Amino acid sequence: MTIALDQPAIDGAIDDASIGAAGIAEPFTGESDFPAPWGSRSNLRITGVRSIVTAPEGIPLVVVRIDTSEPGLYGLGCATFTQRWHAVAAYVDEHLARLLLGRYPGDIEDLIRLSRFSGYWRDGAVDNNALSGIDLALWDIAGKRAGMPVSELLGGRVRAAADTYIHASGRTFEETAQHAAALRDEGWRHIRIQVSQPGRGGYGAAALESPLGNRAGAPNAHGWDVAHYLRQTPQLFAAVRHELGDSVELLHDVHSRLTPKQAVILARSVEEFSPYFLEDVLAPEHWDRLPEVRASSPVPIAVGELATSATAATRLVTSGGVDFIRCHISTIGGLTPARKLAAVAEAHGVQTAWHSPGDASPIAAAANATLDVTSPAFGIQESHVFSDAAREVFPGTLAIEGGWIRPNDAPGWGIDFDEKAAARFPPSLSRHDVWAASVRGPDGGLIAP
Ligand code: MG
């Protein structure tokens, strides 16, 4: 892992003698413990694999760069697990690089299977984010070699652009409604609404400082209270609908804090306001109960942000547990598993809503947009408006115009990475891990994020 500018690519051994008479390379026969299992149609080889961590918005982002034997041809991938970035960087640099050096970068599927199976135990968030960095970088190389955006490698677009949703929040219903109205006036058509909660539970809104009225003697008088939340959320929807009418679609993120029965109670309480979907109603520990929750819910259910494998996400789709599948694509392993998941969703009438906040880098945002415009299963895309600093570090970062996002036409992802600029934004331990384990109930008990 590096955050410095001048670290050279790792040299990989390329055995010129292995290149056959017709320009067809024979299997790599160097010192690698993981020799290529077959020849390749060119002698292009992977010569460097390394991670770089940068935080232009204060959120550590893990980038993987793969260099090749062709001067100037490299690929960039996103491996961002912002709460555990040290572990992912070491995984890439210390464990995966040696598997890949000397291999032909066009064998993406084999290289990902090799990376995955070599660990024997697999499908954790650290594992799959590391694999995503490799996977997305290899797809970037494939696009650059073909002179095509990755969207064309996947078969081309089925839509011109992807519609997105953005977040509105406030300390009161009125503040949230005013924020949502301002966003509507900017052109957004899908708005996720949240309001301050006791106990730092507001999803972007400020924490509610004053304790609720019935907390005398409570160990944590400022804690998050599920009964209060269940009474308050339909009032939030009512206030925003009163302000905005039917001019926008409304969404809401539960952040996994409910039991299955509470999720059904919430869904029925907001039915009259026609939400576009309720996001992450149950924690992953309880996903087996999602089919019954969805069957009893009058509004669409969107789950999957915390899936740490395509296998788990696929089960959500095939079990009938979701109307929208919304994974963080680097945490399920990158484009290769995500495009298969989108195909399963398409076959089951489930729509996609890929997770994409500030802890997905602009490279991952480009991969999301590519999936969005190439998959018939697309439903909606979560948006993040990147700062000028992020745009400087990642030239080519996609813009969202009037709520619409579209991938670049440039080869690969069309996103570059300025390591000199990146070095100005060194990472520190993420505040996200504080956020993820800081919501407690009135009794002091920790609430799952
Ligand atoms: Mg969410």
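Trainee: Which side chains meet lysine 340 or glutamate 109 in a salt bridge?
Mentor: Those two meet each other: the side chains of lysine 340 and glutamate 109 form a salt bridge at 2.7 Å, N to O. The term means a side-chain nitrogen of Lys or Arg within 4 Å of a carboxyl oxygen of Asp or Glu. Before going on: this is a predicted model, where local features need pLDDT of at least 70, side-chain atom pairs count only at pLDDT 80 or more, and totals for chains, interfaces and linings use all residues. Residues are numbered from 1 along each chain as its sequence is written, and side-chain values use heavy atoms, with hydrogens and water left out.

Trainee: How is the protein chain divided?
Mentor: Into domain 1 (2–149) and domain 2 (162–410), with bounds from an automatic or database domain assignment. Their centres, taken over C-alpha atoms, are 32 Å apart.

Trainee: How many salt bridges are counted between domain 1 and domain 2?
Mentor: One. Ten residue pairs across that interface are in polar contact, both residues at pLDDT 80 or more. A polar contact is a pair of N or O atoms within 3.5 Å; within protein, one must be able to donate a hydrogen and the other to accept it, and residues adjacent in sequence count only if both atoms are side-chain atoms.

Trainee: And how much area do domain 1 and domain 2 bury between them?
Mentor: About 2000 Å², 60% of it on carbon and sulfur atoms. That is the accessible area (1.4 Å probe) that two parts lose on being put together, summed over both. In domain 1, Pro56, Glu57 and Trp139 lose the most area to domain 2, together 23% of what that side buries.

Trainee: New topic. What coordinates the magnesium ion?
Mentor: Asp253 (OD), Glu279 (OE) and Glu305 (OE), at 2.1 to 2.4 Å. Donors are N, O and S atoms within 2.8 Å of the metal (3.2 Å for Na, K and Ca); water is not among the atoms, so sites may look incomplete. The donor spacing in sequence is D-x25-E-x25-E.

Trainee: Back to salt bridges. How many does the structure hold?
Mentor: 24. One of them joins arginine 98 and aspartate 33, at 3.4 Å, N to O. Arginine 98 is in helix H1 (residues 85–100) and aspartate 33 in the segment before strand S1 (46–54), so the pair ties together parts 65 residues apart in sequence. Helices (H or I, at least four residues) and strands (E, at least two) are DSSP runs, numbered from the N terminus.
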